[in-house]
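Here is a short tour of one protein model, written for someone new to reading structures. Have a look at the picture first, then read on.

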Amino acid sequence: MLMSVGVAFAVGAVLNLISGFRNEGVDALFSFVLAIILGLFSWWVGWKKGYGLLSGATDWQRIYDVPISGSIQQLKNVLQTGGMEAVAQYPFPEHWKETLFSHSALYRRIPDELKDRLHRFTKYFLTEVEFNGGLVGDFGEDEMVLVAGEACVLILGRDYWDYRKLSLVELRKFPILDNEEFTLPWEPNAHYAGHATINTVRLHWDTALLDSSEGASGNNLILHEFAHIMDSADDGKCQSILGRTGSEEARQWEALLEEEFPKLVEAHKRGEDHVLPPYAISVDPAHITIRGIKKQRPEFFSCATEVFFEKSERLQNECPKIYEAMKGFYKLDPISWSNLQDA
Ligand SMILES: [Zn+2]
């Protein structure tokens, strides 16, 4: 439909162009201006909206709201009429438990005494956060519940306050291109399975689903991206330093980084099979100081989070200080949870 409108505009533009060449003076000028306007409309309606939908290569341009299911809408209504307290009291739907049980290895491992709290945060999440999806009909309630449930494992020992800045989750059928606004889809440049800004998380769905179901690979896209949200909540920066700038907590994270980060860099230089992947040592230029460019280390905390939950014992054995720091921050001790083999 959009494509035929685009073609109609294009035909109009060509006809006006022809009449512009045939006429003279003001009439010609009028025709040329009209041709340009119609040409632009044709490009906008036909290409950006219409041809883009057909081509299948431009997922980055087609973002639609994920349809809100009856159960989630009901929860949103409860929020409107009774506030957060009413949402907390509202029973967690049984079919959501089934979804989480089927697709989240972490959910299966979490001790029963923590489940009520996880359900409560998951309900908050589903009422507070908007979801977009790459294709109409591709994503729905199951995907929303799984993202919310896995993401809320991170705040299980803490508080929903950690997600106060979060407002949007985008689920993608295709990987996310680096610098999407300016990169053409057919360029095989950098693309990511996930991405986080201060208030938005983007997830490549197949990766997120596979990682959640496996649970022991040390790769968990959902945990990774939502750890970025926690990292940036205080000061807007992902730098693997948690807590307010200047606080004792932030100083402790800085000290940990100063001690552990160079060891990690050396280990990867030697080609060691370290529990933390090479991606953990990525650095980003932060700002220029008198001594040069100050670097920040955005991936350390998110990668450490993945292995803290998924390779807990190995992290504790190989990097006890990192394990203790994570345990102190998350107020959780996943080693004591049921065995991964049982999950
Ligand atoms: Zn990351």
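Where does Lys331 lie? You'll find Lys331 in the segment after helix 13 (320-330).

## Before we start

This is a predicted model: local features need pLDDT of at least 70, side-chain atom pairs count only at pLDDT 80 or more, and totals for chains, interfaces and linings use all residues. Residues are numbered from 1 along each chain as its sequence is written.

Helices (H or I, at least four residues) and strands (E, at least two) are DSSP runs, numbered from the N terminus. Two strands pair if DSSP finds at least two bridges between them. A residue is buried if 20 or more other C-beta atoms lie within 10 Å of its own, exposed if 12 or fewer, and partly exposed in between, with C-beta atoms placed from the backbone.

Five strands make up an open sheet, in the order 1-2-3-7-6, and the pairing is mixed. Strand 1 (64-65) and strand 6 sit at the edges with a single partner strand each, so one side of each has no neighbour in the sheet.

Let's walk across. Strand 1 pairs with strand 2 in the antiparallel sense over two bridges, and Tyr64 has Gly133 in strand 2 as its bridge partner. Next, strand 2 (residues 130-133) pairs with strand 3 (residues 168-172) in the parallel sense, this time over four bridges.

## Around strand 7

Keep going and strand 3 pairs with strand 7 (residues 200-204), parallel again, over five bridges. Glu170 has Arg202 in strand 7 as its bridge partner. Why is strand 7 largely enclosed by the rest of the structure? Because four of its five residues are buried.

On to strand 6 (residues 194-196): three bridges join strand 6 to strand 7, and the two run antiparallel. Ala196 stands opposite Val201 in strand 7. Strand 6 and strand 7 form a hairpin, with three residues between them.

Most residues other than glycine have a negative phi. Now look at Lys331 again: its phi is positive, about 55 degrees, although it is not a glycine. Lys331 counts as exposed because it has 11 C-beta neighbours inside 10 Å.

Ser240 also has a positive phi, near 65 degrees, and is a residue other than glycine. Ser240 lies in the loop between helix 9 (221-233) and helix 10 (248-269). Is Ser240 buried or exposed? Ser240 has 24 C-beta neighbours inside 10 Å, so it counts as buried.
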